[in-house]
Amino acid sequence: MAVTPPTEPLSRPEDDAPNDLSIGAFSDDPPWLVDPEVMPWREAVDAVRWVTRAQLPDLIRPRRLPRGRRVFTVVRRLGTALLPWYLIDRRKGRELSRAGLSRRLRIAAEHLGPTYIKLGQIISSGEGLFPEELVTEFKKCRDQVPPQPFRDVRTIIETDFGRPLEDVFAAFERTPLAAASIAQVHAATLHTGEQVVVKVQRRTVGERVHADLEVMAWLAPFLVGRIPIAALANPPALVELFAETITEELDFRLEAQNMLDVAASFVELGQRGYVVPRPHPELVTPRVLVMERLDGFNFDDVAAMKDAGVDTHAVVRTGMIGFMEGALICGIFHGDLHGGNLFVMADGRTALLDFGITGRMGEAQRLAFLRLLLGATTNDVRTQLAALRDLGALPLDTDLEQVIVDLDLEGAPIDPTSLTPDEMIHEIQRVVKLLLGYGARMPKELMLYVKNLVFLDGAIARLAPDLDLFAEITSIAMHFTQTHGQRIFTDIGVDAAGVEFDFTGVKAGFGVDPGMERLTYRELQARRELIRSRFEDREVS
């Protein structure tokens, strides 16, 4: 059955802008027009989202032993990765040792399948949070995962659409544009001539993810206090949050609705620096998503952007403001920003792709985020801690005054470059131990938000290394005050007259002297490199 673009009420004269731009941040040259009222796949979205969340408690309930044989496969694969490293790579020196371990873990993750590959993808977006070798290796999990055979792709499409692939598409590229953990995407052409991208879920991925989550839930309690890098996340809680994220990725109707909701939020904000591809009015099922095809520059191709006259500083500024506005004003944001999920169009706008992971906050969480922002801009430690508590990062009965005393949050900020390696290690261990004692954890939306900030941090390094960070932060703060100030202050019940921007806390966050007036990203990287080298010197000694 060929699908024709909708006519009324979204039809338009040829010379006018697309009518659906009033409801979503879409492209100016639509293959079809979006009308949410005539998209039949949307009818099941609310029920699917409710059922997905309702099934989580049983899915991640710790058992004496996970059902099935999957646990033995996981232990065998991880053992196969770790044993050769321990016997061989570990003796080759620090750099080769890390590279060898990272490569072996990435190979093990790919053998173990979608769930572990998705964990690898999260690591690959954690530049600055995880070892460089591990991040570099796991970046290969983004779009270099071995594709599933075309016969499986055909079977899934024909099963979900109930008709031969050739009846749906006039042309379909057998070789995928990219293959990731949950799905792969193919270029295709509809019989009505539209160029599209088709996202097809991997065969049996749903069953495998559920089995892996049972294994993770079984392992997580044994990891508490044993893996420093996961300590603050609280492994059982991290499994719960990861399960919530990945299970929502298993039904593409939820992703298509995420596309519409994020696109609508940009319209509400008046933010036209982003473009979201249009999901097809009819060709969306739990395992197949047909969407508009967009083109542009790879996010890392800075030279090509500049040759085309794209203002890369403006791209960074749009990224920061648009992402923060979505979270703080609308309570929804793309939850998995990385170079494979976006590109820059010729007109300088940023196209966002892959909405499987989307941050959604209730009103209480959104207001907590707003208070966290306000506390940061006014250097109000108590407001920031209270906001973190309300977000779930600290237990509700936490004595915030005692936290302030224990962590010396009202003392003079410490410049990490002035500490010896031993002093830095001691300070980090002290803070981590205290936070663990308070039951600190990383809530899902906060985790996604921080991960996106880490990506944007790296984007500045590539696109605008000489950007003055202090001036940019001031500009963003002014934008929020002028554009959303009245709403923000009304939402959190604060008198705008009593709010004053304070750069002391911002500078402390960068670990620089309060008297410093200017800091470029290049200078910040140099400071980070100095800190990193001191840690390495400590490890070698």
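This is a predicted model: local features need pLDDT of at least 70, side-chain atom pairs count only at pLDDT 80 or more; totals for chains, interfaces and linings use all residues.
**Confidence**

Start by colouring the protein by pLDDT. The average is 81, and 82% of the residues score at least 70. Select strand β7, residues 288-292, where confidence is highest at a mean of 98. Then select helix α11, residues 228-231, where confidence is lowest at a mean of 43.

Two stretches should be read with their scores in mind. Residues 1-14 have a pLDDT below 50, and beyond near neighbours in sequence this stretch has 26 contacts in the model. Over residues 226-232 the pLDDT also stays under 50. For residues 226-232 the model has 10 contacts beyond four places in sequence.

**The sheet**

Next, show strands β5, β11, β10 and β8. They form an open sheet of 4 strands in the order β5-β11-β10-β8, with mixed pairing. Which strands stand at the edges? They are β5 (274-275) and β8 (297-298); each has a single partner strand, so one side of each is left without a neighbour in the sheet.

**Helices α15 and α20**

Show side chains where the two helices meet. From α15, the residues in contact include Val315, Val316, Met320, Phe323 and Leu328. Across from them, α20 contributes residues including Tyr449, Leu453, Leu456, Ile460 and Leu463. Counted by class, the contact of α15 with α20 has 13 nonpolar, 4 polar and no charged residues.

**Helices α16 and α21**

Move to helix α16, residues 363-377, and helix α21, residues 469-491. They pack at an angle of about 110°, with their axes 10 Å apart. This makes α16 roughly perpendicular to α21, and the crossing is left-handed.

Which residues of α16 meet α21? Select Arg366, Leu367, Leu370 and Leu374; they meet Arg487, Ile488, Phe489 and Asp491 in α21. By class, the contact of α16 with α21 has 5 nonpolar, no polar and 3 charged residues.

**Helices α1 and α13**

The last stop is helix α1, residues 45-54, and helix α13, residues 252-269. They pack at an angle of about 120°, and their axes lie 9 Å apart. Here too the helices pass in a left-handed crossing.

On α1, show Val45, Val48, Arg49 and Thr52; on α13, show Arg253, Leu254, Gln257 and Asn258. These residues make the contact between the two helices. The contact of α1 with α13 has 3 nonpolar, 3 polar and 2 charged residues.

Terms used: Residues are numbered from 1 along each chain as its sequence is written. Side-chain values use heavy atoms; hydrogens and water are left out. pLDDT is the predictor's confidence in each residue, from 0 to 100. Contact means heavy atoms within 4.5 Å. Two strands pair if DSSP finds at least two bridges between them. Axes are lines fitted to C-alpha atoms, for helices over the stretch in contact, and angles run from 0 to 180 degrees between N-to-C directions. Angles under 35 degrees count as roughly parallel, over 145 as roughly antiparallel, 65 to 115 as roughly perpendicular and the rest as oblique. A crossing is left-handed if the near helix is turned anticlockwise from the far one by less than a right angle, and right-handed if clockwise. Ala, Val, Leu, Ile, Met, Phe, Trp, Tyr, Cys and Pro count as nonpolar, Asp, Glu, Lys and Arg as charged, and the others, Gly among them, as polar.
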